[in-house]
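The following note sets out points for a colleague who has the coordinates to hand.

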Amino acid sequence: MDRYEIFAPQSRERFVNRLDELYLTLSEYLERENAEGRHLQFVKVFLSDAQNQYKDLTDSALYTDILSRAACSVIEQPPLDGSKISILIKTTDEEDNFILHSIRLTEEETRGANSYIQTMLIFNKYLESIRKMGLTLRDHCVRTWIYVADIDVNYEGMVRARNDVFRSQGLTTETHFIASTGIGGFSQTRSASVAIDFLTFPKVKESDKKYLQALDNLNPTHEYGVSFERGTRMTVGDKQTFFISGTASIDKHGKAMYVGDIQMQTARLLQNIGALLHDGGATMNDVRYFFVYLRDASDREVVERFLQKTYPDIPHILLQGKVCRPEWLVEMECVANLGV
């Protein structure tokens, strides 16, 4: 069984004090999980200021003793609860069946390179790595997260690079794309405009995957020039995992709905997520967590109240992360499970 939990420090002291608090909290939590036969498998860490916090994090006991022992991603997307750091923890009683490539470029690699070139560099690093294992992007990569600094400026270059890579790797409208979230975010490298996380399943077969559609709610992404799946259901034995991509308030023609109305946009995107899950035989009751990305931090209270009212039992993290279109005020992604 997989278990997902979200942790944030209650302390409002210095960042290092908050790390110490999380170390104690997670140590106790993982001790209980281990007693029940589950081990730490996957971690996503969200920072409010990577330039000042990344070294403190990676030098801390929290990171060296706990986080680094799992598949771990670290990104700057400020948690909107004032915590400075929020962490998603996944534990499981199953064998590890995936690889996380969390690729961040160095200052030297990014020097003079625009978002197109940086995206190509990252994909090439990933392709080289999986090629050595006899894997391919087309067959074995099931989920990506693409973080774009200053997304209003750099998103177009990333999209062109991804499209070019996908075409070269046989990912087309006639085959399939990959579930993904393309969202505003920063790595610890000051000059980096792009960072990417790749979720790779070495043993997955194409027959294990179903690409989710909800054509009464959302159009195929290629109709507006981007290449990702709205969602993917992966079946392994009796277990089904649903990877729902970043989803916004759009209609079946790809047009933004309820422009300027944060609450109605939130309601609409949740309808869209529900429709995607339905296509794979799941419901919102099967969702394990939400990541919620807000363009404007001042919308936090409205969205928080709405989620507490509509889905109070689903854990979520509200994050500062600009969506790729300015008129989209909010975007969400999630994972759902059946058969666990």
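1. The lining of the largest cavity draws at least two residues from each of α7 (151–168), β7 (179–184) and β11 (239–247). Among these contributors, β7 gives the most, with 3 residues. The model is a predicted one, and the points below should be read accordingly.

2. The lining of this largest cavity comprises 16 residues, and those nearest its centre are Tyr155, Phe228, Gly246, Cys324 and Glu331. The space within the largest cavity is about 140 Å³. Cavities of 30 Å³ or more number 2 in the model.

3. The largest pocket holds about 460 Å³ of space. It is lined by 26 residues, of which Asn97, Phe98, Phe201, Met234 and Lys239 are the closest to its centre. At least two lining residues come from each of β1, β2, β4, β10 (231–236), β11 and β14 (330–338). Strand β11 therefore deserves attention in both contexts, because a strand is a DSSP run and this one supplies at least two residues to the lining of the largest cavity and at least two to that of the largest pocket.

4. Strands β10 and β11 run antiparallel and are joined by 6 bridges. They form a hairpin with 2 residues between them, and Gly237 in the turn has a positive phi of about 65 degrees. Within this pair, Lys239 in β11 stands opposite Val236; Lys239 is also one of the residues closest to the centre of the largest pocket. On β10 there is a further antiparallel pairing, with strand β9 (residues 209–211), over 3 bridges. There, Thr232 in β10 stands opposite Tyr211.

5. Which strands make up the open sheet of 4 strands, and in what order? The order is β1-β4-β2-β3, and the pairing is mixed. The edges are taken by β1 (2–7) and β3 (71–76); each has a single partner strand, so one side of each is left without a neighbour in the sheet. From one strand to the next, the twist averages 15 degrees.

6. The pairing of β1 with strand β4 (residues 85–92) is antiparallel and extends over 6 bridges. In this pair, Ile6 stands opposite Leu88 in β4. Helix α1 (residues 15–35) packs on the sheet and touches β1, β2 (39–47) and β4, its direction making about 15 degrees with that of β4. Helix α2 (residues 50–59) also packs on the sheet, where it touches β2, β3 and β4; its direction makes about 150 degrees with that of β2.

7. The largest nonpolar core contains 87 residues, and the members that touch the most others are Leu137, Ile273, Leu277, Phe290 and Val292. Helix α8 (residues 262–279) provides the largest share of this core, 8 residues. Another core, of 23 residues, lies apart from the largest one and includes Phe7, Leu19, Tyr29 and Ile89. In soluble globular proteins, nonpolar side chains tend to be buried together.

8. Leaving aside neighbours within four places in sequence, Val292 is in contact with Val303, Leu307, His316, Ile317, Leu318, Leu319, Val330, Glu331 and Met332. One of these contacts, Glu331, also lies among the residues nearest the centre of the largest cavity.

Conventions
Residues numbered from 1 in each chain as written. Predicted model: local features only at pLDDT ≥ 70, side-chain atom pairs only at ≥ 80, totals over all residues. Heavy atoms only, no water. Core = buried A, V, L, I, M, F, W, Y, C linked by side-chain atoms within 4.5 Å. Buried < 20%, exposed > 50% of the residue type's maximum accessible area, 1.4 Å probe, protein only. Contact = heavy atoms within 4.5 Å. Pairing = 2+ DSSP bridges. Axes fitted to C-alpha atoms, helices over the stretch in contact; angles between N-to-C directions. 1 Å grid on protein atoms, 1.4 Å probe; cavity = no way out; pocket = protein on both sides within 12 Å on 5 of 7 lines; lining within 4 Å. Points joined across faces, edges and corners; volume = space filled by probe spheres on them.
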